[in-house]
Amino acid sequence: MSQKNETTLLVLAFLITVGLVGGGVWWFVKSSGFTTSPLKSSNNSPESQASTPQTFAQVQNVPSGLISYGGSTTWAPVRKEIDPIIQNVWPQFQLRYANPEKEAPSSATGISMLLKSQLDFAQSSRPVANNEYEAAQKRGIQIREIPVAIDGLVAVVHPSLNIPGLTVDQYENIFAGKITNWREVGGPDLKIQLYGKKDRDGGDRFKLTQTTTEALRKVAADPAGIYWSSATLLVPQCGVKSLPIGRDSSKLIPPYKLPLVPTTECPGKRNQVNTDAFRSGEYPLSRRLVVVVKENAKFERQAGEAYANLLLTNQGQQLLNKAGFVRIR
């Protein structure tokens, strides 16, 4: 084979490799819904006017009836700590959480159930994907997302893994399958084991689990394991360690408030989410929590908008902040 042909083949092989790696990074960014830029308050909410209600009791147009809702497990603290307070103020606004029949709860299953008229509104921890908008359009449904809070993404590892943290590039490249050994980021000579969640993560590089709880048990027993999810779900956990993340290695920002509570003191003490770093944008991985509403269904639209309006009151924003999220108002 001539030298010219060999050079051509090498160039083609290089381009194919770059394409595959780039595709993996693109997939991870799309699936997680995170941005490395500070998130600003949104004006797309149904009550973004100056006269925003301060309390749940001041919200108008709250419908009466049985309201089915569900979606991302990231919203679990909201359903546990905030929704009961809403129910006390608005007992006729009867919130009923609905689990998917055969799948684990997630943003994807919640939006899918909304399109199948199994929910009146959905709770998502990421933006609505293009394919979900397309699926809605095929059904003659118009959907809209209403941001209500900001959440951070966190990676957790086995407590024994001795690394100071990860840069955003390292974080992306690990989950895209480009970095495959902890030695490449200053750790031990161990092949990285990615743990993922079914219906969220894809690819042979992941060991998939049904729930975040299952994934955490796996990582807690695997010195080479890593898993990503919401800060509110992962930071307080006892059996794993949350990693600081930075835009560069000289400034790694912990997703938890300092000082770090060691695993030996948990659950008597638990780490708390570093909401100040999420609010300022100093912590680089963040995303919005959104309520997904049906635009062209009168009752469902009213129910979804009322729920979003309740969370966007000053009372709702304070409670979201207390639950570990960052208020957008």
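Helix H6 (residues 168-175) is largely enclosed by the rest of the structure, because six of its eight residues are buried. Here buried means under 20% relative accessible area, exposed over 50%, and partly exposed in between, with a 1.4 Å probe and protein chains only. The buried residues of H6 are Val-168, Tyr-171, Glu-172, Asn-173, Ile-174 and Phe-175. Just after H6, Gly-177 takes a positive phi of about 85°. Helices (H or I, at least four residues) and strands (E, at least two) are DSSP runs, numbered from the N terminus. The model is predicted: local features need pLDDT of at least 70, side-chain atom pairs count only at pLDDT 80 or more, and totals for chains, interfaces and linings use all residues. Residues are numbered from 1 along each chain as its sequence is written, and side-chain values use heavy atoms, with hydrogens and water left out.

The chain contains 11 helices and 12 strands, and 52% of its 329 residues count as buried. Of the contacts (heavy atoms within 4.5 Å) between residues at least 6 apart in sequence, 72% join residues at least 24 apart.

A nonpolar core is a set of buried Ala, Val, Leu, Ile, Met, Phe, Trp, Tyr and Cys residues joined through side-chain atoms within 4.5 Å. The largest such core has 73 residues, and Phe-93, Trp-182, Ile-226 and Tyr-307 have the most contacts inside it. Strand E4 (residues 143-157) gives the most to this core, with nine residues. Apart from this core lies another, of 13 residues, among them Ile-111, Leu-115, Ala-122 and Ala-136. With residues up to four places away in sequence not counted, the residues touched by Trp-182 include Ile-174, Pro-223 and Ile-226. Ile-174 is also one of the buried residues of H6.

Thr-209 lies in strand E7 (residues 206-209) and counts as buried, at 2% relative accessibility. Leaving aside neighbours within four places in sequence, Thr-209 is in contact with Gly-196, Lys-197, Lys-198, Glu-214, Ala-215 and Lys-218.

The loop between strand E10 (245-246) and helix H9 (275-280) holds Cys-266, as well as Pro-259 and Pro-267. Most peptide bonds are trans. Cys-266 is buried, with a relative accessible area of 16%. Beyond residues up to four places away in sequence, Cys-266 touches Pro-236, Gln-237 and Cys-238. Cys-266 and Pro-236 are 30 residues apart in sequence and 8.7 Å apart in space, C-alpha to C-alpha.

Most residues other than glycine have a negative phi. Asn-61, in the loop between helix H1 (3-32) and strand E1 (65-71), has a positive phi near 60° and is exposed, at 60% relative accessibility. Ser-117, in the loop between helix H4 (107-115) and strand E3 (121-124), has a positive phi of about 65° and is exposed, at 53% relative accessibility.
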